[in-house]
Amino acid sequence: MRSCGCSIARLWNDRAPGNHELRSATVSTNVFWDDPYLPRLVTTVAAVEGEFLSLTETNFFAFAGGQERDHGTIGGHHVLDARWDGPKIIYRLPKKHGLEVGNQVEVVIDHQRRDRLRRLHMATEIVLELLTKAHPHLVKVGAHMSQERGRIDFATEHTLTDWLVDIGKIANQMIATDIAIERDFFAGSNTRRYWKISGFAKVACGGTLPERTSEIGPINLRRANPGRGKERVEITLSEG
Ligand SMILES: [Zn+2]
């Protein structure tokens, strides 16, 4: 099994301020994994401390594995930040949000942003798998997915320009072929996720991924040079 670096456990370093109530609250059910298409969810406030709160269930993704967080509102209040704390997410709202434990709230995410993050995350995964399958010595040193582009950094002296022509063709063929993407938890875990498509090993990934490759649409690859001994691939959607 390869890892795309999306194991969220690695990204839990940055915690919201210490708070026993928040930490002992019921573990959130992260609905964005079962249904990464859900734009709105009515849920319940599980814990509150000052501007921070957690929810019993949530469709609002926090930064993990290089994928940027969602944008949106909770109970009509703009979400200022979202951080993983163990298996659940803590949200920061404006100070005078007035919400209390047990309140029902609607969580609304920017679904156009999520749509692009979903497609660009999967596109980035496919490009990474194709590149490292064809060139096993490539060592990934970073990855990031925004709503504008995906990027992968490698530690290598080899200029990637030539390789990207072929990789781009194969990636676009895979996307056009409309392959089903299996997405699930690893056996025995309710936090560690993977994706798998025919012909590839399981890849650990905590992102919000699409059901089929065709959703991504045509992509473009571009090589960049972020520094000595490093090569970067930038992935964008052809639609702009
Ligand atoms: Zn991933």
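How many bridges join strand β13 to strand β14, and in which sense do the two strands pair? The legends below refer to a predicted model.

**View 1. Pairing of strands β13 and β14.** Four bridges link β13 (residues 182-185) to β14 (residues 193-196), and the pairing is antiparallel. Within this pair, R183 has W195 of β14 as its bridge partner.

**View 2. The hairpin of β14 and β15.** Strand β15 (residues 203-204) pairs with β14 over two bridges in the antiparallel sense. Y194 is bridged to A204 in β15. Six residues lie between the strands of this hairpin, and G199 adopts a positive phi near 95°.

**View 3. The open four-stranded sheet.** The strands follow the order β11-β12-β17-β16 with antiparallel pairing. On average, neighbouring strands are turned by 20° against each other, direction ignored.

**View 4. Strands β16 and β17 with helix α4.** Seven bridges connect β16 to β17 (residues 230-237), and the two strands run antiparallel. L221 is placed opposite I235 in β17. Helix α4 (residues 161-176) packs on the sheet and touches both β16 and β17. The direction of α4 makes about 145° with that of β16.

**View 5. Helix α3 on the sheet.** Helix α3 (residues 111-134) lies across β11, β12 (150-155), β16 and β17. Relative to β17, α3 runs at about 135°.

Note on methods:
Residues numbered from 1 in each chain as written. Predicted model: local features only at pLDDT ≥ 70, side-chain atom pairs only at ≥ 80, totals over all residues. Pairing = 2+ DSSP bridges. Axes fitted to C-alpha atoms, helices over the stretch in contact; angles between N-to-C directions. Contact = placed C-beta atoms within 7 Å.
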